[in-house]
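Please consult the sequence and the model shown below.

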Amino acid sequence: MTARPHRLRRAALLVLLGSLTFTACTSGPDEAGKGPDPAQAPSGSIAQVCDKAKAGPAEAPAGAVKIDPAVPGDLAAKTRSSPAGTTFWLAPGTHKLGDDRYDQVNPKTGNVYLGAPNAILDGRKINQYAFSGHEADVKIQYLTVQGFAAPHDEGVVNHDSADGWVIEHSTVQDNDGAALMAGARQQVRANCLRRNGQYGMNAYAQGNAIKGLVVEGNEISGNNTGDWESKIDGCGCSGGIKFWSVDGADIRGNWVHDNRGVGLWADTNNNDFLVEGNVIENNDGSALMYETSYNAVIRGNTIRRNNWVDGKGYIDRGDSFPVASIYLSESGGEPRVKARTDKLEISGNSFENNWNGVTLWENSDRFCNSPANTSSGSCTRLVPEQAKCAQPAIASGALNEDCRWKTQRVEIHHNRFVLDPVVTGCEESCARMAMLANFGTFPEWSPYKGEVVQQAITFDQGNRLHDNTYSGPWNFVAFEPSRVLGFGEWQGAPYRQDQGSKLTRAGGG
């Protein structure tokens with residue numbers, strides 16, 4: 001699988017929690033000492049799974065094949081010799097595969113793998129993958145999977161992105177690469193995905209065929225231990241979960257915290273996301289990035305103390321770009337792309353002491369067939385053939401409209417934004433909401449040069465904020481990065497944003 005890089009702006013630059021209820025807890029401080037104070041621990045229903053995982057069956061179910069931890073390779077061997085649809089029960093203890101890096105398990109269609117209490121499958125940093133292959137409808141439950149050495153951009157469980165897998169009540173930790181890959185109709189429920197080298201999950205499949213993905217009630221923490229952004233500058237290859245061209249995803253009731261990088265990151269032609277009832281906190285980067293993607297509902301989430309590391313990093317290098325807790329980059333609603341909504345709606349969320357609020361951004365130079373589009377040559381969902389986005393046809397008409405990913409039809413309402421500079425350690429370039437683009441300059445044949453996109457995102461693309469509540473020293477960035485507005489200017493002509501919203505200058509929360 002080829003890495004698909006991300007770039008911020010270097011070119012110019014769900015039913016809340018469903019039925020899952022967990023006990024509140026605190027998380028420990030990270031290396032930067034920014035972990036939550038116990039007095040500010042998550043409250044209410046939350047997916048605390050790590051170290052509290054539900055135990056599997058203490059005895060083998062009737063008809064199950066027993067796997068002996070004292071026999072290296074027993075799991076892979078019995079999988080090969082058993083028919084499709086077999087249930088395997090891994091007895092308590094540490095299970096090992098063979099001594100070759102490719103001695104993984106290759107399940108057959110409908111196989112079920114159940115871990116007994118304290119059953120561990122350990123790759124010993126020898127095996128690259130735990131479960132691979134293309135067979136569908138495999139279940140993995142109550143099992144700890146650790147110590148595998150998956151390469152960069154590859155995953156340990158469901159390595160080949162097979163369809164219909166269910167991973168439940170399992171702990172996948174301390175692996176290289178991604179803990180999980182994803183296939184169509186995959187369900188990832190009530191798992192601990194922590195301390196993996198790159199991602200908790202890499203939702204990527206060849207052919208961009210992932211549909212109907214469910215990620216519910218998981219604890220996703222401490223991932224990207226390999227600090228990949230420092231190894232490959234601007235790679236966009238790190239964080240809690242990365243989604244690539246997923247068409248339909250429900251992400252609800254998860255606790256996404258203390259990841260190095262972005263918490264949840266949807267990049268390149270994703271569509272139809274419901275992000276609901278999650279607690280997303282203490283991530284070094286944005287809580288959520290939605291990039292060159294379409295149609296989403298983001299509601300009822302608690303989003304706090306994100307972006308402190310990235311925000312301070314931007315200040316240290318003299319960059320005033322409003323890095324945000326929710327960052328929409330060339331993403332918005334599109335009625336012609338089928339989804340449960342035709343807009344991108346952010347509502348009913350609580351934002352507490354993040355570096356900034358929400359940023360709506362478009363890179364004027366980034367469009368299909370532009371050298372500034374570094375999404376590995378991808379084109380928009382409306383114009384899949386890249387070669388069509390060229391002069392003279394792109395200069396006007398349908399191609400001029402549809403060769404560009406647009407931050408459009410975004411509605412942000414009934415959210416609560418709180419920022420206390422004393423808590424965040426923020427003295428400048430923080431407490432901002434933003435709707436902006438850069439001045440278009442590249443390539444020479446671009447039809448979007450100058451203020452074309454700046455005008456469009458600010459005034460012409462149906463982006464609307466209203467009925468929000470702000471507490472703290474909030475400012476508003478419009479049109480281009482240096483245009484910083486007070487609340488009255490933001491509400492007044494010509495912007496007329498945040499009608500019905502209220503601002504109090506006192507911080508807190």
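Is the disulfide of Cys 50 and Cys 192 right-handed or left-handed? The torsion about its S-S bond is about 95°, so the disulfide is right-handed. The two sulfur atoms lie 2.0 Å apart, where a disulfide is defined as a pair of cysteine sulfur atoms within 2.5 Å. The bond joins distant parts of the chain, 142 residues apart: Cys 50 belongs to the segment before β1 (65-67), and Cys 192 to strand β13 (residues 192-194). Strands (E, at least two residues) and helices (H or I, at least four) are DSSP runs numbered from the N terminus. Cys 50 and Cys 192 are buried, that is, under 20% relative accessible area with a 1.4 Å probe and protein chains only.

## Basis of the model

The model is predicted; local features need pLDDT of at least 70 and side-chain atom pairs pLDDT 80 or more, whereas totals for chains, interfaces and linings use all residues. Residues are numbered from 1 along each chain as its sequence is written, and side-chain values use heavy atoms, leaving out hydrogens and water.

## Other disulfides

The structure holds 5 disulfides. One of them pairs Cys 235 with Cys 237; its S-S torsion is about -75°, so this disulfide is left-handed. Cys 389 and Cys 403 form another, left-handed with -90° about the S-S bond.

## Asn 175

Asn 175 sits in the loop between β10 (171-173) and β11 (178-181) and is buried, with a relative accessible area of 1%. Among the residues it touches are Lys 125, Phe 148 and Arg 195, a contact being heavy atoms within 4.5 Å.

Conventions. Buried means under 20% relative accessible area, exposed over 50%, partly exposed in between (1.4 Å probe, protein chains only). Lists of a residue's contacts leave out its neighbours within four places in sequence.
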